[in-house]
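Trainee: I'd like to walk through this one with you. Shall we start with a loop and work inwards?

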Amino acid sequence: MKQFICTLAFTFICVGMQAQERYVDQIEIGDEIILGNPSGSHYKFVDVPRKNFIIKRGGIADLSTLNKTTVTVTEIFNGKEPKVTFKRKDGKKFFRIYKTMTADFDKAVASGELKMIPEKGKAAIVR
């Protein structure tokens with residue numbers, strides 16, 4: 001009986017590990033993604049500088065300018081927590097001072113802070 005329970009527990013653990021989604025495997029450099037609404041009062045998984053740093057450098061600290069902004073992926077860092085660097089598609093700077101920003105991609109997509117644009121012939125990830 002013990003052996004059966006241990007085997008069953010091991011099976012559930014293995015299945016649970018395989019069920020963790022890695023969204024970073026589904027994007028490439030040059031793909032477009034959309035910045036969604038923050039999961040709270042500020043972005044948790046998109047690395048947005050604090051307001052005082054933005055103001056110090058002469059920028060405009062308005063987080064609502066990020067909502068529904070289309071961005072292009074410029075770099076992908078694979079690792080334990082994959083990070084993605086992106087820039088605005090229209091060529092403007094974030095808050096008038098930052099050319100690029102980074103995000104913890106898997107967690108940002110899972111929370112809805114980043115949304116992937118479906119390409120022709122590919123399925124979309126909607127949360």
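Trainee: Where is Val48 found?

Mentor: This is a predicted model, where local features need pLDDT of at least 70, side-chain atom pairs count only at pLDDT 80 or more, and totals for chains, interfaces and linings use all residues. Residues are numbered from 1 along each chain as its sequence is written, and side-chain values use heavy atoms, with hydrogens and water left out. Helices (H or I, at least four residues) and strands (E, at least two) are DSSP runs numbered from the N terminus. On that numbering, Val48 sits in the loop between strand 2 (46–47) and helix 2 (51–56).

Trainee: Is Val48 buried, partly exposed or exposed?

Mentor: Buried means under 20% relative accessible area, exposed over 50%, and partly exposed in between (1.4 Å probe, protein chains only). Val48 has a relative accessible area of 22%, so the label is partly exposed.

Trainee: Which residues does Val48 touch, not counting those up to four places away in sequence?

Mentor: Contact here means heavy atoms within 4.5 Å. With sequence neighbours up to four places away not counted, Val48 touches Tyr43, Leu63, Leu66, Phe95 and Met101.

Trainee: And how far apart in space are Val48 and Thr102, C-alpha to C-alpha?

Mentor: In sequence the two are 54 residues apart. In space, C-alpha to C-alpha, Val48 and Thr102 are separated by 8.1 Å.

Trainee: Moving on to Thr85, is that residue buried or exposed?

Mentor: Thr85 belongs to strand 4 (residues 83–88). Leaving aside neighbours within four places in sequence, its contacts include Thr72, Phe77 and Met101. Its relative accessibility is 6%, so Thr85 counts as buried.

Trainee: What kind of pair do the rings of Phe86 and Phe94 make?

Mentor: Rings of Phe, Tyr and Trp (its six-membered ring) pair if their centres lie within 6.5 Å; planes under 30 degrees apart count as stacked, over 60 as edge-to-face and the rest as tilted. That rule gives a count of 1 aromatic pair. The ring centres of Phe86 and Phe94 are 6.0 Å apart and their planes are at 85°, so the pair is edge-to-face.
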